[in-house]
Amino acid sequence: MASIEIREASPQDVPAVLRLLALSLGWESDSRHATLFHWKHEHNPFGRSPAWVAVDGGEVIGYRAFLRWRFSRGPDRVDAVRAVDTATDPRARRRGVFRMLTLHAVERLAADDVKFVFNTPNRQSAPGYLSMGWRSVGRLPVNVRATSLAAWAKLPAARRPADFWSVPTSAGQPAADVLADGSVVAALLASQPASNGLRTDRSVDYLRWRYADAPFGYRILLRGHSVEDGFAVFRLRRRGRSLEAAICEVLVPEGDPRLLAGLTRRALAASGADHDLVVGRPRPRGHVLVPGAGPLLTWRALADDTFPGADQWDLRTGDVELF
């Protein structure tokens, strides 16, 4: 163990990191994962991802990245990171590589005045995070609506992870086309009511990065004839035998709840999916809360040790459905 060196990842490490991620996580050997890596860690408008590698004998045997994220809370902005990609060479497992990388990163990020780290770990990784000082916030609420009795009947069998990549669709419009007029999108964002909870700091640049530039074929349904009337962002994916519309973002003038519910319903109908999935509160009209189905949200203090309870977060599907 003493021979393992932990250092910051460099651009020269990327080929080795991609090989390691493919080896450790089962990433396919195609261009989609390289594109995803560069989109996520290099083009994020909140900043490049801090990342570290573990090196043994000149070989990269571990990788740990944290995605920069910014929240708004009322008038304030809060800089955070989310624990995302991590991989250990199978030959180096049981040497504490994951723990060493993560604790080293936590120390460096706290000194960088990052307020906290958060993530939505799976059942296998959650105990490891909790043992390193992470705290459980609770499961995020997941709401669904099906289009027919036959679609409702498919849902029990759909309680499994959704496919990672999207199902192509011509429903709606390409996200890049709708988000091209930045001034109109900015005006719609400015009309949104402030949130007392931690909400992703949405801007035109953020929306373009998240939905237009991401390699997932996001589509947008307009509420009316123009962007200023509001829009819903979605993508299709398979979940078991069901075709699911992940409703990632719904923006309407002034955040009107009635308009939000109506547009969410229209997005499902337009998508051609069996059911939709909407993360967050309040539950849209006509939707059913799926108990215990939401991702587990965890948090760890860095520069700020004020723990935000479950009622202090304002997250949506687009904040968690990919990361």
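**Nonpolar cores, a buried asparagine and salt bridges**

Val-288 lies in strand S14 (residues 288–289), strands being DSSP runs of E with at least two residues and helices runs of H or I with at least four, numbered from the N terminus. The model is predicted, so local features need pLDDT of at least 70 and side-chain atom pairs count only at pLDDT 80 or more, while totals for chains, interfaces and linings use all residues. Residues are numbered from 1 along each chain as its sequence is written, and side-chain values use heavy atoms, with hydrogens and water left out.

Val-288 is partly exposed because its relative accessibility is 41% (buried means under 20% relative accessible area, exposed over 50%, partly exposed in between; 1.4 Å probe, protein chains only). Together with Leu-149 and Trp-152, Val-288 makes a nonpolar surface patch of about 310 Å² (patch residues have over 30% relative accessible area and no salt bridge, with nonpolar side chains joined within 5 Å and like charges within 9 Å; areas come from the Shrake-Rupley method with a 1.4 Å probe).

The largest nonpolar core comprises 66 residues, and Phe-71, Phe-231 and Trp-313 have the most contacts inside it. Such a core is a set of buried Ala, Val, Leu, Ile, Met, Phe, Trp, Tyr and Cys residues joined through side-chain atoms within 4.5 Å. Strand S3 (residues 59–73) gives the most to this core, with six residues. A second, separate core of 19 residues includes Leu-109, Val-114, Val-117 and Leu-302. Beyond its neighbours within four places in sequence, Trp-313 is in contact (heavy atoms within 4.5 Å) with residues including Phe-71, Phe-116, Trp-299 and Pro-308.

Asn-119, in strand S5 (residues 116–119), counts as buried because its relative accessibility is 4%. The side chain of Asn-119 makes polar contacts with the side chains of Trp-134, at 3.0 Å, and Thr-298, at 2.7 Å. A polar contact is a pair of N or O atoms within 3.5 Å; within protein, one must be able to donate a hydrogen and the other to accept it, and residues adjacent in sequence count only if both atoms are side-chain atoms.

The whole structure holds 19 salt bridges (a side-chain nitrogen of Lys or Arg within 4 Å of a carboxyl oxygen of Asp or Glu). Lys-154 pairs with Asp-274, with the closest N and O atoms 3.4 Å apart. This pair links distant parts of the chain, 120 residues apart: Lys-154 is in helix H5 (residues 149–154) and Asp-274 in the loop between helix H9 (257–271) and strand S13 (275–279). Lys-154 is partly exposed at 23% relative accessibility, whereas Asp-274 is buried at 16%. A network of salt bridges links Arg-210, Arg-235, Arg-237, Arg-239, Glu-244 and Glu-321.
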